[in-house]
Every structure is written in C-alpha cells, then in structure tokens.
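The following paragraphs lead through one structure, from its overall make-up to individual residues. Please keep the sequence and the model in view while reading.

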Amino acid sequence: MKEKKGGKLKWIILIVIAVIILGTVFGGDSTDEDGSSSAKSDTKTEQEITYKKVSAKELSEALSKNAAKASKEYKDQYLEITGELSVIDSQMSYISISSGELDLTNIQCYIQNEDQEEKILEMEQGDEITVKGKCTDVGEVLGYTIDMESVE
C-alpha cells in the first residue's frame with residue numbers, strides 16, 4: 001500500500017502547530033487583573049521588604065550563646081546589619097563585618113552588583129558600615145552568610 005505524497009509532512013506540521021498552541025496556553029507571562037503582563041517571581045520589591053535592624057555584636061552574641069536559636073531567628077530573614085568593615089575580598093566577591101571587638105563570628109556579605117563594588121572600593125577596613133540583605137545561612141563555624149542588597 002502506497003502512502004500519499006505529503007502524508008508525513010502533514011503530520012509534522014500538525015504536531016508543530018499543536019506544540020505551539022500548548023505552549024501559548026500553558027506557558028509565558030501571567031497577566032494581572034489590570035491587564036498588564038508580568039512574569040511570576042519570588043523576589044520581593046524594596047517596598048515589601050522589612051529589614052530587621054541588628055548590630056554585628058548582637059549577631060555574634062546570639063551565635064555564641066545558641067547557634068540553633070540564632071539560625072532559627074535570622075536564617076532567611078532580611079537584615080540591616082551595622083558593624084565594622086573587617087575584610088574586603090581582593091576578588092570583590094564578598095566583605096566581612098565584625099563587631100569591632102575581638103570575636104570569631106564571621107558575617108560574610110556577598111557582593112551582588114557593580115554599585116555595591118563601587119561603594120566598597122571607597123571604604124577601608126575599620127570603617128563603620130551598614131549592609132541590608134538576606135541572611136541565607138547561619139552556622140556555628142562559618143557564621144552568617146548575607147546576600148547584600150545595599151551597602152552604606
């Protein structure tokens with residue numbers, strides 16, 4: 001039995017059209033009630049974020065008293081940390097903040113953009129610094145890990 005000319009081509013075209021229709025129906029951006037299109041995102045805008053103000057000394061004391069409690073209280077929280085600039089990484093990957101006193105707690109803040117890099121290049125170790133960001137990890141050995149959103 002002979003297959004009609006163009007039979008395979010017809011099926012390929014139908015499959016491509018079906019994939020396009022399914023992609024249009026189930027994929028893409030979401031549309032808000034006002035009709036504007038916006039991509040779904042888990043990131044919070046600056047207005048929605050409430051930063052918990054805390055000093056480097058408070059973070060250090062919390063970690064040394066009870067690391068599990070410090071983790072529960074600060075991990076995944078947005079913090080505004082004030083302390084002393086103690087380390088500026090030569091690769092501009094991160095900075096560290098300390099309480100200015102002799103403590104072994106590491107508060108490592110990861111640089112996210114060029115604006116932050118420019119501000120940090122104007123600073124020196126020992127300067128008072130305020131960092132806003134999300135605490136992504138807390139550990140008794142490595143201390144606090146912060147994804148910086150702003151630095152002053």
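In which helix is the place of Ile17? Ile17 is found in helix α1, which covers residues 7-26. The model is a predicted one, in which local features need pLDDT of at least 70 and side-chain atom pairs count only at pLDDT 80 or more, while totals for chains, interfaces and linings use all residues. Residues are numbered from 1 along each chain as its sequence is written, and side-chain values use heavy atoms, with hydrogens and water left out.

Helices (H or I, at least four residues) and strands (E, at least two) are DSSP runs, numbered from the N terminus. On this basis the chain has four helices and eight strands. Read from the N terminus, their order is α-β-β-β-α-α-β-β-β-α-β-β. A contact means heavy atoms within 4.5 Å. Among contacts between residues at least 6 apart in sequence, 60% join residues at least 24 apart.

The accessible surface of the chain is about 10900 Å², and carbon and sulfur atoms account for 51% of that surface. Such areas come from the Shrake-Rupley method with a 1.4 Å probe; for residues, only the protein chains shown count as cover. A residue is called buried under 20% relative accessible area, exposed over 50%, and partly exposed in between (1.4 Å probe, protein chains only). Of the 152 residues in the chain, 29% are buried.

Ile17 is partly exposed, at 43% relative accessibility. Together with Leu9, Ile13 and Ile21, Ile17 forms a nonpolar patch on the surface, the four having about 370 Å² of accessible area together. Patches are made of residues with over 30% relative accessible area and no salt bridge; like charges are joined within 9 Å, and nonpolar side chains (Val, Leu, Ile, Met, Phe, Trp, Tyr) within 5 Å.

Helix α2 (residues 56-65) has buried positions at Ala56, Leu59, Ser60, Ala62 and Leu63. These residues lie on the same side of α2, because they cover an arc of only 165° around the axis. The arc is that of the directions from the helix axis to the C-beta atoms. On the other side of α2, Ser64 and Lys65 are exposed. With neighbours within four places in sequence left aside, Ser98 is in contact with Ala56, Gly83, Glu84 and Ser86. Ser98 is itself buried, with a relative accessible area of 13%.

Charged pairs come next. Side chains of opposite charge can pair when their charged atoms come close. A salt bridge is defined here as a side-chain nitrogen of Lys or Arg within 4 Å of a carboxyl oxygen of Asp or Glu, and the whole structure contains two of them. One joins Glu73 to Lys52, with the closest N and O atoms 2.9 Å apart. Glu73 belongs to helix α3 (residues 67-74) and Lys52 to strand β3 (residues 52-55), so this pair ties together parts that are 21 residues apart in sequence. Glu73 is partly exposed at 32% relative accessibility, and Lys52 is partly exposed at 33%.

Asp115 and Lys119 form a salt bridge as well, with the closest N and O atoms 3.9 Å apart. The two are separated by about one helical turn, because they are four residues apart in helix α4 (residues 114-121). Asp115 is partly exposed, with a relative accessible area of 45%, and Lys119 is partly exposed at 36%.

What of the cysteines? A disulfide is a pair of cysteine sulfur atoms within 2.5 Å, and the structure holds zero of them. The sulfur of Cys109 has its closest cysteine sulfur in Cys135, at 9.4 Å, which is too far for a bond. Cys109 is buried, with a relative accessible area of 0%, and Cys135 is likewise buried at 0%.

The backbone remains to be considered. Most residues other than glycine have a negative phi, and most peptide bonds are trans. Asp76, although not a glycine, has a positive phi of about 65°. Asp76 is located in the loop between α3 and β4 (78-88) and is partly exposed, with a relative accessible area of 46%. Met92 also has a positive phi, near 60°. Met92 lies in the loop between β4 and β5 and counts as buried, at 16% relative accessibility.
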